[in-house]
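Subject: Structure handover

Hello,

Here is the structure I said I would pass on. Please look it over, and then read the notes below it.

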Amino acid sequence: MVVEDDDHIAEPLVAGLRRFGFEPVRVTTGTAALAEADPEVILLDLGLPDMDGVELCRQLRARSAVPILVITARGEETDRVVGLEMGADDYLVKPFGFRELVARIRAVLRRTGSLGDIDHEQRVGALSIDRRRRIVRIDGAEVALTPKEFDLLAVLADEPGIVVTRQQLLEEVWDPHWYGPTKTIDVHVASLRKKLGDPGWVETVRGVGLRLGRPS
């Protein structure tokens, strides 16, 4: 559900979400958002015509555990803190890149266990990733991964061959506000490569990040 009253923002947003396989429903007021039945994820603008978005976030969270991503022009730290304290799962400041938005939607759905039917089984060469059941196979043989290893692989598999920065991986797999050491990525990558049986599945692009490869 997209809660956004500005047509210039909402219309391309809804169209873009459809291209990525989502089924967006748009509402323009807080009242309409509260009347909408059981969305799988909510993109919430704070500047609504009939009520404050922070209060709407609080009311939505009080009645449901649905993932909520705040998308707003309010970029001050205090606004972020208030939004997160009212129950938002993530906070994205306008303007933002559409790829980043989709990545954050998928990340919060993975963290909350709500990915459901949005993502499905994917094949990259001998590698198979069943996102709904969180199962990975190589040549049909199941590979036992930890939750973080699976999420790391899933993020890289969103766009095979495209480099994902270390910061993006920390935000999507661990937490949008991660302040811990980045070395944790290296530990998980080393384990993931070993379990997949070929280090070529996860390629390092020095000084940039990681990408999903396709060993010959």
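Leaving aside neighbours within four places in sequence, L127 is in contact (heavy atoms within 4.5 Å) with Q122, V136, R137, I138, L153, L196, W201 and L212. This is a predicted model, in which local features need pLDDT of at least 70 and side-chain atom pairs count only at pLDDT 80 or more, while totals for chains, interfaces and linings use all residues. Residues are numbered from 1 along each chain as its sequence is written, and side-chain values use heavy atoms, with hydrogens and water left out.

L127 also belongs to the largest nonpolar core, which has 27 residues; L127, V136, L153, L169, L196, W201 and L212 touch the most other members. A nonpolar core here is a set of buried Ala, Val, Leu, Ile, Met, Phe, Trp, Tyr and Cys residues joined through side-chain atoms within 4.5 Å. Buried means under 20% relative accessible area, exposed over 50%, and partly exposed in between (1.4 Å probe, protein chains only). At least two residues each come from strand 7, strand 8, helix 6, helix 7 (166–174), helix 8 and strand 12 (209–212). Helices (H or I, at least four residues) and strands (E, at least two) are DSSP runs, numbered from the N terminus. Helix 6 gives the most to this core, with seven residues. A second, separate core has 17 residues, including M1, L44, L56 and Y91.

Next, helix 6. Nine of its eleven residues are buried, so helix 6 is largely enclosed by the rest of the structure. The buried ones are E149, F150, D151, L152, L153, A154, V155, L156 and A157. Helix 6 (residues 147–157) packs against helix 8 (residues 183–196) at an angle of about 85°, and their axes are 10 Å apart. Axes are lines fitted to C-alpha atoms, for helices over the stretch in contact, and angles run from 0 to 180 degrees between N-to-C directions. On the helix 6 side the contact is made by K148, E149, L152 and L153, and on the helix 8 side by H188, V189, S191, L192, K195 and L196.

Four strands form an open, antiparallel sheet in the order 6-7-8-9; two strands pair if DSSP finds at least two bridges between them. Strand 6 (122–124) and strand 9 (141–143) are the edge strands, each pairing on one side only. From one strand to the next the twist averages 25°. Strand 7 (residues 127–130) and strand 8 (residues 135–138) are joined by four bridges, and S128 stands opposite R137 in strand 8. Helix 6 packs on this sheet, touching strand 6, strand 7 and strand 8, and its direction makes about 110° with that of strand 7.

Strand 4 (residues 68–72) has five of its five residues buried, so this strand is largely enclosed by the rest of the structure. I68, V70 and T72 point one way from strand 4, and L69 and I71 point the other way. Three bridges join strand 4 to strand 3 (residues 42–44), and the two run parallel. L44 stands opposite V70 in strand 4.

Last, T28, in the loop between strand 2 (26–27) and helix 2 (30–35). T28 counts as partly exposed, at 36% relative accessibility. Not counting residues up to four places away in sequence, T28 touches E4, D5, L48 and P49.

Regards
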